[in-house]
Amino acid sequence: MLLRLQRQAPDGAAIHGKLFIDGTYFCDTLERTGVQIPALWYTVAVTMSPRFKRLLPVVERVPNRTGIRFHVGTKPQHSAGCILVPSRAIEDALVKRLRGETIYFEVCDFRPDFG
């Protein structure tokens with residue numbers, strides 16, 4: 001399975017993005033400017049979050065970081081580096097889609113020549 005996060009241009013404290021699963025749009029995302037993970041390739045696993053006490057996707061092997069997860073949040077301040085999705089229903093749907101899968105994750109920064 002392939003996840004792809006296509007970031008848009010930073011807007012102050014926020015970086016909006018679009019998350020795709022196997023090439024199909026899944027949801028909008030939000031990250032906090034300055035603490036976002038590098039635009040690279042990663043793997044993702046669904047594991048129990050010690051902080052949130054529920055199953056959440058975690059981005060593995062982020063350089064110099066641990067615990068980078070996908071979780072619900074509506075403001076950049078809700079993230080210390082994690083990737084925010086807009087609702088608990090979307091978070092739950094993401095966990096359901098990813099659980100038990102081998103997941104590759106591509107993070108792409110905004111490029112004005114591609115929009």
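**Strand pairing, helix and nonpolar core of a predicted model**

Strands β5 and β6 run antiparallel and are joined by 2 bridges; strands are counted as paired if DSSP finds at least two bridges between them. The structure is a predicted model, in which local features need pLDDT of at least 70 and side-chain atom pairs count only at pLDDT 80 or more, while totals for chains, interfaces and linings use all residues. Residues are numbered from 1 along each chain as its sequence is written, and side-chain values use heavy atoms, with hydrogens and water left out.

Overall, the protein contains 1 helix and 8 strands, where helices (H or I, at least four residues) and strands (E, at least two) are DSSP runs numbered from the N terminus. Along the sequence these elements follow the pattern β-β-β-β-β-β-β-α-β. The radius of gyration is 13 Å, close to the 13 Å that the globule rule gives for 115 residues, so the protein is as compact as a globular protein of that length; the radius is taken over C-alpha atoms, and the rule is 2.2 Å times the number of residues to the power 0.38. The C-alpha trace spans about 35 × 30 × 30 Å along its principal axes.

Of the 115 residues, 40% are buried (buried means under 20% relative accessible area, exposed over 50%, partly exposed in between; 1.4 Å probe, protein chains only). The largest nonpolar core has 22 residues, of which Leu3, Leu19, Ile37, Val59, Phe70 and Phe105 touch the most other members. Such a core is a set of buried Ala, Val, Leu, Ile, Met, Phe, Trp, Tyr and Cys residues joined through side-chain atoms within 4.5 Å. Elements giving two or more residues to this core include β1 (2–7), β2 (14–21), β3 (24–32) and α1 (88–98). Val59 touches Ile37, Tyr42, Thr43, Val44, Ile68, Phe70, Ile83 and Phe105, not counting residues up to four places away in sequence; contact means heavy atoms within 4.5 Å. Among contacts between residues at least 6 apart in sequence, 48% join residues at least 24 apart.

In helix α1, the buried residues are Glu91, Leu94, Val95 and Leu98. These residues cover an arc of only 100° around the axis, which puts them on the same side of α1; the arc is that of the directions from the helix axis to the C-beta atoms. The face turned away from this buried side carries the exposed residues Ala89 and Lys96. Helix α1 is followed by Gly100, whose phi is positive, near 80°.
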